[in-house]
Amino acid sequence: MGYEHFFTAPDGTELAVITRSELDQLRGLAVDVTDEDAADIAAADRAVAESDVRYPREVMDRLVAGDTPIAAWRKYRGLSQAGLATKSGITQAAISRLEKSGAEHPQPLGRRITRQAIARALDVTLAALEPLDD
C-alpha cells in the first residue's frame, strides 16, 4: 500500500490512516463470515490449541482419502515401506500389516514399542500415529 501514517489515540489505541482507495481494496478482500462459519473457525482453533499434533496439508489429505496415519506420514516423508522398515528396525511385512489393518480399526494397532519405533523413524509424536476422531 502507499502512504500510511500511524498514531496513538488518547486511550492508547494504535491507529493508522490510509487512503480511501486502500480502504476500498481492503474491503474488497474481506470475506463475509456467517455465524456458522465463525463457530466452525472457533471450534477448529480450539481443537488446534488442545492438540499437540500438527498435520501438514499433504498428510491431512491422505488421511481424509483413507490412508492410515502410518501410511500418510510415511508417504509424506518420502519413504517406501521397506525404507521405513529399515529406519525403524521393523520388518516391511509388519509395516504393511499395520497399514492395511489399521484402516479397518479405530484404535492404533501393534505393540506400543513398535509404534514408538515407527514414530521415531517418521519424526512424529506417538499421538500423530493414532487414528483421527470421526
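**From values to words**

Author: Ile-70 counts as buried, because its relative accessibility is 7% and buried means under 20% relative accessible area, with exposed meaning over 50% and partly exposed in between (1.4 Å probe, protein chains only). Ile-70 lies in helix α4, and, not counting residues up to four places away in sequence, it touches Leu-84, Leu-98, Glu-99, Ile-118, Leu-122 and Leu-129, where contact means heavy atoms within 4.5 Å. Ile-70 and Ala-128 are 58 residues apart in sequence, while their C-alpha atoms are 8.6 Å apart in space.

Reader: What kind of model is this, and how are the residues numbered?

Author: This is a predicted model, in which local features need pLDDT of at least 70 and side-chain atom pairs count only at pLDDT 80 or more, whereas totals for chains, interfaces and linings use all residues. Residues are numbered from 1 along each chain as its sequence is written, and side-chain values use heavy atoms, with hydrogens and water left out.

Reader: What is the average pLDDT of the protein chain, and where is confidence lowest and highest?

Author: The protein chain averages a pLDDT of 82, and 85% of the residues score at least 70, where pLDDT is the predictor's confidence in each residue, from 0 to 100. Confidence is lowest in helix α2 (residues 35-50), with a mean of 75, and highest in α5, at 96.

Reader: How many helices and strands does the protein chain have, and what makes a stretch count as one or the other?

Author: There are seven helices and two strands in the protein chain, and from the N terminus on they run β-β-α-α-α-α-α-α-α. Helices are DSSP runs of H or I with at least four residues, strands are DSSP runs of E with at least two, and both are numbered from the N terminus. Of the 134 residues of the protein chain, 25% count as buried.

Reader: Why is Arg-74 called buried?

Author: The relative accessible area of Arg-74 is 8%, and so it is called buried. Arg-74 is found in helix α4, and its side chain is joined to that of Glu-99 by a polar contact of 2.6 Å. A polar contact is a pair of N or O atoms within 3.5 Å; within protein, one must be able to donate a hydrogen and the other to accept it, and residues adjacent in sequence count only if both atoms are side-chain atoms.

Reader: Is Gln-81 buried or exposed, and which residue has a side chain joined to that of Gln-81 by a polar contact of 2.8 Å?

Author: Gln-81 counts as buried, because its relative accessibility is 19%. Gln-81 is found in helix α5 (residues 81-88), and the polar contact of 2.8 Å joins its side chain to that of Glu-99. Leaving aside neighbours within four places in sequence, the residues in contact with Gln-81 are Arg-74, Gln-92, Ile-95, Ser-96 and Glu-99.

Reader: Why is Gln-92 called partly exposed?

Author: Gln-92 has a relative accessible area of 36%, and therefore it is partly exposed. Gln-92 is found in helix α6 (residues 92-102), and a polar contact of 2.5 Å joins its side chain to that of Gln-81. Gln-92 and Gln-81 are eleven residues apart in sequence, with 5.7 Å between their C-alpha atoms.

Reader: What class is given to Asp-123, and what is said about its phi?

Author: Asp-123 counts as exposed, because its relative accessibility is 64%. Asp-123 is found in the segment after α7 (112-122), and it has a positive phi of about 60° although it is not a glycine. Most residues other than glycine have a negative phi.

Reader: At what angle do helices α3 and α4 pack, and how far apart are their axes?

Author: Helix α3 (residues 57-64) and helix α4 (residues 69-76) pack at an angle of about 145°, and their axes are 9 Å apart. Axes are lines fitted to C-alpha atoms, for helices over the stretch in contact, and angles run from 0 to 180 degrees between N-to-C directions. The contact is made by Glu-58, Val-59, Arg-62 and Leu-63 of α3 together with Pro-69, Ala-72, Trp-73, Lys-75 and Tyr-76 of α4.
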